[in-house]
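Subject: Structure handover

Hi,

Here is the structure I promised you. My notes follow below it.

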Amino acid sequence: MAAYILAIDQGTTSSRALLVRRDGTIAALAQEELPQHFPTSGEVEQEAEDIWNTVLACCRAVLRQAGAGASDIAAIGITNQRETTLVWERATGRAIHRAIVWQDRRTADTCARLEGEGHGALVRARTGLLIDPYFSATKIAHILDKVPGARARAEKGELAFGTVDSFLLFRLTGGRVHATDATNASRTMLFDIHTGAWDDELLALFGVPRALLPEVRDCAAEFGATDPELFGAPIPVRGMAGDQQAAMVGQACFQPGMVKSTYGTGCFALLNTGETPVASRHRLITTIAYQIDGRRTYALEGSIFVAGAAVQWLRDGLKIISHAAESDRLAAEADEGQDVILVPAFVGLGAPYWRPQVRGALFGLTRATGPAELARAALEAVCFQTCDLIDAMHADWPGQGGATVLRVDGGMTRSDFTMQRLADLLGAAVDRPAEAEATVLGAAYLAGLQCGFFPPPDIFAQGWRLERRFVPAMPAQVRAARLAAWRSAVGCLIGRD
């Protein structure tokens, strides 16, 4: 009997592969950094071959670590950085342009034009999304218009589009399967989340040929099998979900009203709203949380572009820390009498503001401001932005959306300072799970659910375990003052945009 699920976690800054046992624990892990390219301000790219090669190397590495072969793997589950856009040749699997990453803002003017022409209501009604360069549609059109002959080749069916999950699946299966899942499809601005199908009117609006598009399947489904040459024998691919939806599954947020927030390069909070999509009145996204057995579960989502990236800025930009973990200690030493506020709009502001042209700023600097205060400001900025998202969720789903507990995961959750400050500023409990790899666990679970390796969702949810609960300790008046300072700083930036 197969002992493991092979989970692929292809993220923004690294690729990972993990072997997951039946009890949800990790048997082996391999990780490789993924190079980033920044052609100009606001542009973020990756080489498609770097994505593929790092994933393949990590998969082979975990098999070696565990002394496992293809027969030991029940299935592969894939989770991925969402919205990142690739267009490749069907005949060769080679991308015709670097991947345009979700953080990329190069199509902001196109999005502003489309919004100005009055198309926002249509996009919102069909997709649950705002017209924004964050999503895939305008990225696809940009590639087709920039690469000579690409649009004509796309019309002929010679090219394929996919988010990272779809690209990896194509390469893993030797080009035999061009498919995606409902969660990734819902992030393209081309997919009707109510009918569960690509939308011809949106395809025409954004100038995307239907011939480019992958087939859309459930998150737990049969996605084909790997090329035998990759791992010595075929391994079935049976699960797929965008990273934030996978984290929601891994956190066992299966009941309406449950909220999870993941802190990686960015921060993403999702509120399960059940089988009915909730239209946001506060500039959140309505998205598909997961689709199992043909039934869609929806979520309200708030996306923050800069979370862990602010810590990377402290390390690589300001060089005031050598390792990310140092930010926790440094922030704890900060002078609480200084109200230094960082608005980390390095690539614009995400939800609930959606201002792609805004750039970051520091407020409240004095001669006494030093590395400790800057570290605290960077970590607090993540907490402030989470508060904005949770407040918007409360307003969009009154009486139900205001969860009293937030389940958290991702690299930043290892910072006790950040998690305590988050609880303080939210005025609500923050639960950190015993298993920190929620995204990977979600991808593994979906694949394992499809083949009987893991139990149904209600039983799986019973196995969720708490590592630590952070409870609010900040006086109410201090909390109110800190939140007011944050909102004033954001208001200053937006007023100048």
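This is a predicted model: local features need pLDDT of at least 70, side-chain atom pairs count only at pLDDT 80 or more; totals for chains, interfaces and linings use all residues.

Which side chain of opposite charge is nearest to D396, and how far away is it? It is R281, at 4.5 Å. D396 is buried and has no salt bridge. A salt bridge would need a distance within 4 Å. D396 does have a polar partner: its side chain and that of S280 make a contact of 2.4 Å. Beyond its sequence neighbours within four places, D396 also contacts V278, H282, L284 and L300, among others. D396 belongs to helix α13, residues 371-396.

Next, the annotated sites. UniProt, in an unreviewed entry, lists "binding site" at T12, R82, E83, Y134 and D243. I looked at two of them.

- T12 is in the loop between β1 (4-10) and β2 (14-20). T12 counts as buried because its relative accessible area is 9%.
- Y134 is in the loop between α3 (120-127) and α4 (137-146). Y134 is buried too, at 0% relative accessibility. Among the residues Y134 touches are R82 and E83, both of which are on the UniProt list. R187, F268 and W354 are also among its contacts.

Last, helix α1. It covers residues 48-66, 19 residues in total. From first C-alpha to last, α1 reaches 28 Å, close to the expected 27 Å. Its buried residues include I51, W52, L56, C58 and C59. After α1 comes G67, with a positive phi near 60°.

Best wishes

Note on methods: Residues are numbered from 1 along each chain as its sequence is written. Side-chain values use heavy atoms; hydrogens and water are left out. Helices (H or I, at least four residues) and strands (E, at least two) are DSSP runs, numbered from the N terminus. Buried means under 20% relative accessible area, exposed over 50%, partly exposed in between (1.4 Å probe, protein chains only). Lys and Arg count as positive and Asp and Glu as negative; His and the chain ends are not counted. A polar contact is a pair of N or O atoms within 3.5 Å; within protein, one must be able to donate a hydrogen and the other to accept it, and residues adjacent in sequence count only if both atoms are side-chain atoms. Contact means heavy atoms within 4.5 Å. The expected span of a helix is 1.5 Å times one less than its number of residues. UniProt positions are given in the numbering used here, feature names are shortened, and annotations may be inferred rather than shown by experiment.
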